[in-house]
Every structure is written in C-alpha cells, then in structure tokens.
Amino acid sequence: EQLVESGGGLVQAGGSLSLSCAASGRSFREYGMAWFRQAPGKERELVAEEIGGNGGSAHYADSVKGRFTISRDNAKNTANLQMNSLRPDDTAVYYCAARSDWRSSRYDYWGQGTQVTVSS
C-alpha cells in the first residue's frame, strides 16, 4: 500500500487546512487509517486514528479534539484530516499511516509527509 499526502501549506492562526492521503492499493477499505505529526525537535505523535473496525469512530489527541476530524472516502481510496482553528503549535510535518490489524497500534504503511506551518 503506497500512501501520498497532500494539502499542507502555510496558514494563519485560526485558519483551516484539509489534508488528504491517497492510497494506491486495492485493499484500502480493510485498513485502519491514522494521522501523525512531528514538529522540529519533538517526537512523532498520534493526532487522530480510526477505531472500531469500520472507520465509524475515531480517537484524537487531546490537543486537537474538537478542532480536527479524520474521515475516509473508500470510493476514492483517500483518508482526510480536516483541521480547523489552527494554532502555531500545530506546525509540524503530518504523516498518514495505515494498519492492517485494526486491533493493533502498529502501522504497516506510511506516507512521506506534508508540511503544515501555522503563523501567529
């Protein structure tokens, strides 16, 4: 499964961005999707992940709850991250990831990342 992110960029604080992750495989609907981010000098952290086996539920990092929303479109083989009310501390490289075992926290496939920069 190859993952390619898009949609990153520069935005002012309070603004919105929508990230997209295009998957190339034919088994996209079987994978649990997630978004991670890594800021300079910090460890990679989980931002949002699908749970429940069908993408109908999601877990979010406390720092993004109520502002970010993960979703998927199985017809287009894409996973999305809608980011609203962005803050400067949201600045990071954002990665999408896919796991074949919905019960596992181990991710099998990763995208190359897309930069999100939020100016104050």
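A search of the whole structure, which is a predicted model, finds 8 salt bridges. Side chains of opposite charge can pair when their charged atoms come close. Three of these pairs are worth a walk-through.

Start with Arg37 and Asp90. Their side chains meet in a salt bridge, with 2.9 Å from N to O. Arg37 sits in strand S4, which covers residues 32–38. Asp90 belongs to the loop between strand S8 (78–83) and strand S9 (92–99). The two residues are 53 apart in sequence, so the pair ties together separate parts of the chain.

Another salt bridge joins the side chains of Arg87 and Asp89, at 3.3 Å from N to O. Arg87 has a relative accessible area of 34%. That makes Arg87 partly exposed.

Now move along to Arg103 and Asp101. Their closest N and O atoms are 3.2 Å apart, and the two residues form a salt bridge. Arg103 is exposed, with a relative accessible area of 78%. Exposed means over 50%, so Arg103 passes the cut-off. Asp101, at 31% relative accessibility, counts as partly exposed.

Four strands form an open sheet, in the order S1-S3-S8-S7. The pairing is antiparallel. Which strands stand at the edges? Strand S1 (3–6) and strand S7 (68–73) do. Each has a single partner strand, so one side of each is left without a neighbour in the sheet. Neighbouring strands of this sheet are turned by 15° against each other on average, direction ignored.

Look inside the sheet at strand S3, residues 17–23. Strand S3 pairs with S8 in the antiparallel sense, over 6 bridges. To place this pairing on the model, find Leu19: its bridge partner in S8 is Leu81.

Technical notes. Residues are numbered from 1 along each chain as its sequence is written. This is a predicted model: local features need pLDDT of at least 70, side-chain atom pairs count only at pLDDT 80 or more; totals for chains, interfaces and linings use all residues. Side-chain values use heavy atoms; hydrogens and water are left out. A salt bridge is a side-chain nitrogen of Lys or Arg within 4 Å of a carboxyl oxygen of Asp or Glu. Buried means under 20% relative accessible area, exposed over 50%, partly exposed in between (1.4 Å probe, protein chains only). Two strands pair if DSSP finds at least two bridges between them. Axes are lines fitted to C-alpha atoms, for helices over the stretch in contact, and angles run from 0 to 180 degrees between N-to-C directions.
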